[in-house]
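Reader: I am new to this structure. Can you show me how to read it, one feature at a time?

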Amino acid sequence: MINSDETSVRVLVVDDIRLFRDQLINILEAQPFIEHAAGASDGEEALRQLTNYGFGVVLVSMATAGSLAICRQLIASAEGTRVVALGVSGSEDEVVACAEAGVTGYLLRHETYDALLSVIAAAGRGEISCPPPVAAALVRRMGQHGRDMGVRTGASRLTTREREILGLIDEGMSNKDIARKLNIEIRTVKNHVHNLLEKLKVHRRGEAAALLRATHR
C-alpha cells in the first residue's frame, strides 16, 4: 500500500491496446496519491497530451509499436517527466535498451498492481526503481561492458610491433617462430609479449589472443 501522504502525481499510460490502457487508468484514478490518469495509444498522442496537460510520470508498455522510440522522444521532449517502462520479456537486452533510453523505472507487465503503484510513487519522487532481477541484469551487463572497455583501452595502448606479435600469437606461433618470422631475437619477442600481457591485464598468451578476437567482433 502507498502512504496516504505520498505527493500527488499525474500519470499518462501509453499502450496501443485500449482494453489494457483503460483498465489501468481506472485503477490509477482510484489511488489517493494519483491526481489524474489519462491514456495515449502512440507516441504522437502521448507527446501531445504531455505538452498540453503535463504529466509527472508516463507509463510506456514495451508491447506498443515503437515503444523505445516513444520513451526516448518523451524523455527528450519533456524535462522533469519520468518514464516507466512496462516490460514484456524481461530479457537483459530489453532491460538494457530501456535503461539506455533513459527510463526512470522498469517493471514487467505480469507484476502486481501494488508493485506498479510503488514504482509510480518512486518515479513521482524522482527515484529510479526496478525489481531485483532487473537490477541484477543491469549489473551483469554493465560489468561486461566495463570489462570490454578495459580490453579496448589496453588494446589501444599496444605498439604496432606488439599488435603484430599478438596477431602471430593468435595464429599459434611460438616465440621462436615469431622471432624467426620477424627476424628479431627471441628475447626481444619475450619482452614484447611481457609488455602486451601487462597492457591487456592477462597472464597467458592464449588469453591475450582471445581478447584480440573479442575486440574484432
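Predicted model: local features only at pLDDT ≥ 70, side-chain atom pairs only at ≥ 80, totals over all residues.

Reader: How many helices and strands does the protein chain have?

Author: The protein chain has 10 helices and five strands. Its length is 217 residues, and 41% of them count as buried. The exposed surface comes to about 12,100 Å². Carbon and sulfur atoms supply 50% of that area.

Reader: What do the contacts in the protein chain say about sequence separation?

Author: Take contacts between residues at least 6 apart in sequence. Of these, 62% join residues at least 24 apart.

Reader: Now the interior. What is the general idea?

Author: In soluble globular proteins, nonpolar side chains tend to be buried together. Here, the largest nonpolar core has 22 residues. Those touching the most other members are L12, V14, V58, V60, C71, L74 and V83.

Reader: Which elements give two or more residues to this core?

Author: The strands are strand 1 (9-14), strand 2 (34-40), strand 3 (57-61), strand 4 (82-87) and strand 5 (105-108). The helices are helix 2 (43-53), helix 3 (67-77) and helix 4 (92-101). There is also a second, separate core of 20 residues, and L28, A37, V84 and I120 are among its members.

Reader: Which residues is C71 in contact with, leaving aside neighbours within four places in sequence?

Author: C71 is in contact with V60, M62, V83, A101 and V103.

Reader: Next, Q49. Is Q49 buried or exposed?

Author: To count as buried, a residue needs a relative accessible area under 20%. Q49 has 16%, so Q49 is buried. Q49 lies in helix 2. A polar atom of the Q49 side chain lies 2.8 Å from the backbone oxygen of G39. Not counting residues up to four places away in sequence, Q49 touches L12, A38, G39, G54 and F55.

Reader: How do I read the sides of a helix? Which residues of helix 8 are buried?

Author: Ask which residues are buried, then where they sit around the axis. In helix 8 (residues 175-182), the buried ones are N175, I178, A179 and L182. They cover an arc of only 100° around the axis, so they lie on the same side of helix 8.

Reader: Which residues are exposed on the other side of helix 8?

Author: K176, R180 and K181 are exposed there.

Reader: What happens just after helix 8?

Author: N183 comes there, with a positive phi of about 60°.

Notes: Residues numbered from 1 in each chain as written. Heavy atoms only, no water. Buried < 20%, exposed > 50% of the residue type's maximum accessible area, 1.4 Å probe, protein only. Helix = DSSP H or I, 4+ residues; strand = E, 2+ residues; numbered from the N terminus. Arc of directions from axis to C-beta. Core = buried A, V, L, I, M, F, W, Y, C linked by side-chain atoms within 4.5 Å. Contact = heavy atoms within 4.5 Å. Polar contact = N/O pair within 3.5 Å; in protein donor to acceptor, adjacent residues only side chain to side chain. Areas by Shrake-Rupley, 256 points an atom, 1.4 Å probe, with all protein chains shown as cover.
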